[in-house]
Amino acid sequence: MGPTGAGGRRGQEIALVVVVAAVATVAALIAPPGRTGLDALGYALPVVAAVSLLARRRLPRTVVVLTTVCIAVYFDFDYPGYGIALPLLVALFSAVRAGGRWIALVPLAALASSAVLWVLAGQSVRQASQTAFLLLGWIVAATAMGAARRQFAANVRQLEERAADAERTREETAHRRAVEERLRIARELHDSLTHSISVIAMQAGVAVHLANKRGEPVPEALTAIQDAGRDANRELRATLGALRTDAAEPGSGVDALPDLVGRTVAAGLPVTLHRDATAGRVPVAVDRAAYRIVQEALTNTGRHARASAATVAIRRLPDSLVVEVSDDGCATPDAPPRPGIGLLGMRERVTALGGTLSAAPRPDGGFLVHAELPLQEQA
């Protein structure tokens with residue numbers, strides 16, 4: 001509990017003490033006079049009993065004993081009224097609610113002893129019995145209310161625990177289904193992609209080997225196909241491994257962009273890379289997303305843009321990582337390319353991180369992908 005909550009509870013406790021002390025004192029003042037009129041002790045006993053309630057949460061049994069002593073002394077001196085019983089009832093309710101049901105025997109024993117003393121002091125048996133039974137009824141009522149409040153709190157806790165168990169069961173069921181779905185996707189991807197990519201890489205490797213054996217120059221595109229096949233196979237296996245486990249999504253980051261650019265250049269598209277020295281020291285999710293955005297943008301440029309060159313710029317700002325990929329291709333504001341799955345995937349990655357993405361033709365021709373990825377984790 002914070003300071004505000006603790007201060008509020010303390011204020012409530014003080015208000016309770018003031019109200020109980022006031023009620024007990026006023027009840028004594030308006031009650032028919034007893035054999036002993038109110039004096040300093042008669043005024044002090046209700047106040048002491050009420051003030052002791054400040055400790056009823058920390059020392060509930062001790063407060064019951066103290067208020068019992070106060071009420072016993074009050075009635076033994078035959079002060080007027082029954083308001084002195086109120087602090088005892090509040091203390092007894094709190095103690096029983098906290099689990100000390102047997103503490104009710106203390107005021108009951110004191111009541112029985114006082115009743116005997118009242119008769120010995122000259123009160124009639126009828127008057128002593130009336131006072132004793134009235135106090136007994138209040139003590140029993142306070143004990144019963146405390147026990148009922150404790151049982152109610154126990155029932156609420158039990159319901160909350162059952163609700164929490166049910167929620168955990170739902171979460172476990174959802175997690176198990178997610179694991180089963182990941183395994184199914186992993187099997188499908190393995191069966192449909194891994195073999196094909198391996199065959200492509202192997203055939204490219206055979207072509208490179210035959211060219212070397214015959215002394216012929218190896219086309220750069222063929223080498224790029226071989227390297228891209230190996231990298232794709234490696235990343236696909238890593239992704240399938242992540243799907244089979246609860247591990248975080250693996251893959252390359254900003255530090256791997258030079259290799260990506262090198263493969264793109266080898267495939268026939270000149271690319272210039274500008275990267276801040278600190279751009280790689282970012283959260284893993286941002287690092288991964290930046291790499292994938294550049295990868296997808298360069299792939300789209302190579303496939304669709306008919307560009308002669310491309311530029312990749314990675315800049316780290318105080319609170320975000322800026323990723324820009326531009327080309328000098330055929331896209332114009334009057335003839336923008338139709339968005340495909342690649343752009344949709346980029347937008348989903350950026351949105352998941354709380355960032356922004358723009359992908360549109362440049363005014364002077366070509367295409368620009370601009371993404372800003374926040375470096376702070378999203379709430």
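Which residues of H4 are buried? Here are some friendly notes, starting with that helix.

1. **Ground rules.** This is a predicted model, in which local features need pLDDT of at least 70 and side-chain atom pairs count only at pLDDT 80 or more, while totals for chains, interfaces and linings use all residues. Residues are numbered from 1 along each chain as its sequence is written, and side-chain values use heavy atoms, with hydrogens and water left out.

2. **Helix H4.** The buried residues are Ala85, Pro87, Leu88, Leu89, Val90, Ala91, Leu92, Ser94, Ala95 and Val96, where buried means under 20% relative accessible area, exposed over 50%, and partly exposed in between (1.4 Å probe, protein chains only). That is ten of the 13 residues in H4, so the helix is mostly covered. Helices (H or I, at least four residues) and strands (E, at least two) are DSSP runs, numbered from the N terminus. The geometry of H4 (residues 85–97) agrees with expectation, because 1.5 Å a residue gives a span of 18 Å and the end C-alpha atoms are 18 Å apart; the expected span is 1.5 Å times one less than the number of residues.

3. **Gly99, after H4.** H4 is followed by Gly99, which has a positive phi near 115°. Gly99 lies in the loop between H4 and H5 and is partly exposed, with a relative accessible area of 36%. Leaving aside neighbours within four places in sequence, Gly99 is in contact (heavy atoms within 4.5 Å) with Arg61 and Arg150. The C-alpha atoms of Gly99 and Gly146 are 8.8 Å apart, although 47 residues separate the two along the chain.

4. **The nonpolar cores.** A nonpolar core here is a set of buried Ala, Val, Leu, Ile, Met, Phe, Trp, Tyr and Cys residues joined through side-chain atoms within 4.5 Å. The largest has 35 residues, and those with the most contacts inside it are Leu53, Val64, Ile71, Ile84, Leu92, Trp118 and Leu135. H4 gives the largest share of this core, eight residues. Leaving aside neighbours within four places in sequence, Val64 touches Leu88, Ala91, Leu92, Ala95, Ile103 and Pro107. A second, separate core of 33 residues includes Leu257, Ile293, Val369 and Leu373.

5. **Thr301.** Thr301 sits in helix H9 (residues 284–305) and counts as buried, at 5% relative accessibility. Beyond its neighbours within four places in sequence, its contacts are Leu269, Arg306, Ala307, Ala310 and Asp327.

6. **Cysteines.** The whole structure has zero disulfides, taking a disulfide as a pair of cysteine sulfur atoms within 2.5 Å. Cys70 is buried, with a relative accessible area of 5%, whereas Cys330 is partly exposed at 37%.

7. **The protein overall.** There are ten helices and five strands. Buried residues make up 35% of the 379 residues. Of the contacts with a separation of 6 or more, 70% are between residues 24 or more positions apart.
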